[in-house]
Amino acid sequence: MFVLENMSLEKITHLYNEGTLIEEICTREYSMKRYATSVGAVQEITVALKEIPVEKFFGNDVANIDELKALQYEPEKIADYVMDAFAVCKSTLSDQFAVLYLSVENYTLKLIIAGEEENAAGIALDGLLKYYEEHPVHITRMFGSYILIGYDAQGEAKALIATPIPIKYCPLMYQLLKEVGGDVATEMLVKVKNEGADKVQSETMCELINEVVIKGGYFDTSRPLNSCEANVLFGASETIFSAFEDGVVDAAVIVSNNLGTIITTNAPGTQGAVKRMTGLFYSSPSAELNETAKNEGIVPVFEHFANIDQLEGVKAAIELGYKNIAVSIAADDNILHKDFAELEKIHGVNIYRFGLCSTGISEETAKVMMQDADVIWACASKWVREYVQPNAIAQVGVKIPVSIMTEDGWKLVSAHLGRLNLDCDLSQIVPQKGEEKPVFLSGKNGIMCVPQKDVFECADCPHPCI
């Protein structure tokens, strides 16, 4: 409808060369160059499209890599969705508007239009959002297994592929899954513990995701995004919730299903956005959830794509003027802690760094966490236990130890501890390494504090550690 002249790139390049570049914009979602040419204003819009990171999480030997990637990469359909978006906005476009060139190649959308339409890029992005919303994909993690979730012809979410399960038991996952799935979850969890071939393990994990996680509403785009209900006693979102309540932080950069990287600005939004969520490493956008988020004081950093990029999320929070920012980093991305430390120095802000989902991280990543993170969850990581725990100045729990590495970390953790039923006086606690390191445990009368030398051996920890 709008391709009035399907110009060749050579002809368009000639227009550029004879014309003048009058404006250049680069955002997190697109770049645009505007030229004054002999035929009037011409805009060149470039958008990096989503690419499902199949190789990164599932390896190169997956039989149907191309098929999985095609779940969100159909170039002709993508072009149609963008053109349809312009068609919907036809009445708002000027008479000079024309699409001169549109291509989708190598996960890049290139769009060249004639006219002064200031919102041309926004319209194209809306078309892309609709495409991804109607072709959703997520990658999550449970028991150290990465799972790719797609959707069938009826629009029902379904786990399509899972990596073999490297650990057999995690007390936190058992607790959360049983709360959601009851007897069905209990039966599935027994299967997870049993030894089996890789193919059997993958099938079991997909079954667990389908029967408990998906049916439990984890990816429901109509879900609320505010909550004051703690799902676990000492999770990252619960700790940040308390930090908001005590005025220690004014923003948090976290990850949420169907939103990707977000900036939360209050306690209920932080808790609600990640309610019962396990690790999330890839997601698809939801227009409905975007609106819900904005109404709750939540800023989606990649509104049209739901990308996950915590470094860009922190940069966005700094640009918005926030000075005390908490950020959570998961799995191999924990290597980024050193970059957040640099941002903190450059911009003169406080960045409180949480290291999560550490199962299976490399020795190098564990060393970076030890050096630059403030609070670290051990999960089932042998390297965190070897490098991080001995260098912590305080610890919470022994099943899945939470290591406090810095005074900044202690500031946030003590804010949360102060809201629990404490059987000790926090003002008398001295954070320190070694045998006198304070360790907080659940006791009969509330949370008690004992020195590291008196801590009993854990009988209910994740295993095996990897």
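## Buried rings in a predicted model

A residue counts as buried when its relative accessible area is under 20%.

The structure holds 11 aromatic pairs. One of them joins Y146 and F281, whose ring centres lie 5.2 Å apart with 75° between the planes, an edge-to-face arrangement. This pair brings together distant parts of the chain: Y146 belongs to strand β7 (residues 145-151) and F281 to strand β11 (residues 279-282), 135 residues apart.

How accessible are these two residues? Y146 has a relative accessible area of 11%, so Y146 is buried. F281 comes out at 13% relative accessibility and therefore counts as buried too.

## A stacked pair

F354 and W377 have ring planes at 25° and centres 5.8 Å apart, so this pair is stacked. Because F354 sits in strand β14 (residues 350-356) and W377 in strand β15 (residues 375-377), the pair ties together parts of the chain that are 23 residues apart in sequence.

## A cluster and a charge over a ring

Which residues do ring pairs link into a cluster? They are Y81, Y131, Y132 and F305.

Finally, here is a contact of another kind to look for in the viewer. K50 lies over the face of Y282, at 4.4 Å from the ring centre.

Notes: Residues numbered from 1 in each chain as written. Predicted model: local features only at pLDDT ≥ 70, side-chain atom pairs only at ≥ 80, totals over all residues. Heavy atoms only, no water. Phe/Tyr/Trp six-rings, centres within 6.5 Å; stacked < 30°, edge-to-face > 60°. Helix = DSSP H or I, 4+ residues; strand = E, 2+ residues; numbered from the N terminus. Buried < 20%, exposed > 50% of the residue type's maximum accessible area, 1.4 Å probe, protein only. Lys NZ or Arg CZ within 6 Å of the ring centre and 35° of its normal.
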